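Trainee: Could you take one spot in this model and look at it closely? I would like to see what surrounds it, too.

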Amino acid sequence: MAKLDGKKLLACCANGAGSSLMMENAIKKVMKRNNIKPAELRHCPVSEGKTAARNYDVVFCARTFVKTFEGCEKNGTVLIPLKNVMSDKEIEAALKEAGLLD
Amino acid sequence: MATVLQDIVEKKHYKFIDGEGVTWQEAIRLSTLSLVADGTVTEDFYQQIIACVEKYGPYIVFEHNIAMPHTQENADGALKTGVGFMVSKKLIDFGVDEDGEEKKANVFFTLSTTNPDEHLQNISQLSEIFMNDDLIDALAAAETPEDILKAEKDFPCEEE
């Protein structure tokens with residue numbers, strides 16, 4: 001069983017309308033390619049993500065917003081900052097590095 | 001169904017500028033004008049996009065000098081869902097990001113969002129376009145709407 005199966009994933013950007021949606025699409029691609037079925041995958045603005053993060057296993061965001069999510073790791077949430085939010089390759093590599101993907 | 005680029009040409013949601021001496025704020029305003037023309041957004045819609053960039057930095061500028069000016073869904077001034085395309089001959093300077101990396105853009109896709117389904121379609125297609133380097137190079141060199149359609153034909157994005 002893959003490590004992200006049944007996990008809750010969240011993608012955040014400033015407005016919750018542009019890049020977080022692109023991230024969600026790219027994450028979907030990675031999940032499909034690796035045959036992983038997360039329990040939840042959604043996107044939202046950082047303003048909402050800031051408080052919602054603790055309820056998710058993995059939070060993806062553009063590197064600009066890393067500071068916003070400082071401390072969320074204390075609750076066991078893994079933060080995956082991205083340089084190119086629409087790159088499924090970068091997402092795949094980052095998840096491997098975090099030990100969440102084989 | 002029309003692709004997002006075909007839709008841009010059909011609705012005349014495009015603008016070609018020289019960009020010499022143009023600030024990023026002015027570039028964002030210019031990029032909304034084709035959307036203002038047919039009532040997709042209001043004249044002052046651009047001010048919200050500028051406010052967003054001032055607050056969060058130039059995160060709307062991606063790799064390959066692509067800018068995607070946008071605000072949240074159903075922002076004041078967004079009357080319909082649409083994508084405004086703009087090419088600037090000169091690179092527009094957006095300053096530096098949090099890593100001190102210079103951000104510049106010459107290809108603009110400006111978003112107005114009122115309908116989540118249409119918006120999702122647009123975003124999915126734009127992701128594919130932004131990852132297609134040959135297509136982006138061709139779009140950056142476009143000077144007419146015909147060039148936009150030719151670029152898409154010459155460098156199609158892979159179907160999902």
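Mentor: What follows starts at a single residue, then widens to its chain and to the chain beside it in the lettering. First, the ground rules. This is a predicted model: local features need pLDDT of at least 70, side-chain atom pairs count only at pLDDT 80 or more, and totals for chains, interfaces and linings use all residues. Residues are numbered from 1 along each chain as its sequence is written, while chains are lettered from A and ligands numbered from 1 in the order in which they are written.

Our spot is B:Thr81. Find B:Thr81 in the loop of chain B between β3 (66–67) and β4 (82–96). Strands here are DSSP runs of E with at least two residues, helices are runs of H or I with at least four, and both are numbered from the N terminus. Is B:Thr81 buried or exposed? B:Thr81 counts as buried, because 20 C-beta neighbours lie inside 10 Å. The cut-offs are 20 or more other C-beta atoms within 10 Å for buried and 12 or fewer for exposed, with partly exposed in between; C-beta atoms are placed from the backbone.

Which residues does B:Thr81 touch? Leave out residues up to four places away in sequence, and the list is B:Ser112, B:Thr113, B:Thr114, B:Asn115, B:Glu118 and B:His119. Contact means backbone-placed C-beta atoms within 7 Å. Now take B:Thr23. B:Thr81 and B:Thr23 are 58 residues apart in sequence, and their C-alpha atoms are 26 Å apart in space.

Step back to the sheet of chain B. Five strands form an open sheet, in the order β1-β4-β5-β3-β2, with mixed pairing. Two strands pair if DSSP finds at least two bridges between them. The edge strands of chain B are β1 (14–17) and β2 (61–62), each pairing on one side only. Further in, β3(B) pairs in the parallel sense with β5(B), residues 102–112, over two bridges. There, B:Ala67 has B:Phe108 in β5(B) as its bridge partner.

Now look at chain A. Chain A has three helices and four strands. From the N terminus, its elements run β-α-β-α-β-β-α. The C-alpha trace of chain A spans about 30 × 25 × 20 Å along its principal axes. Of its 102 residues, 45% count as buried. Take contacts in chain A between residues at least 6 apart in sequence: 55% of them join residues at least 24 apart.

Chain A has a parallel pair as well. Strand β1(A), residues 8–13, runs parallel to strand β2(A), residues 40–45, and six bridges join them. One bridge partner of note is A:Arg42 in β2(A), which pairs with A:Leu10.

Methods:
Contact = placed C-beta atoms within 7 Å.
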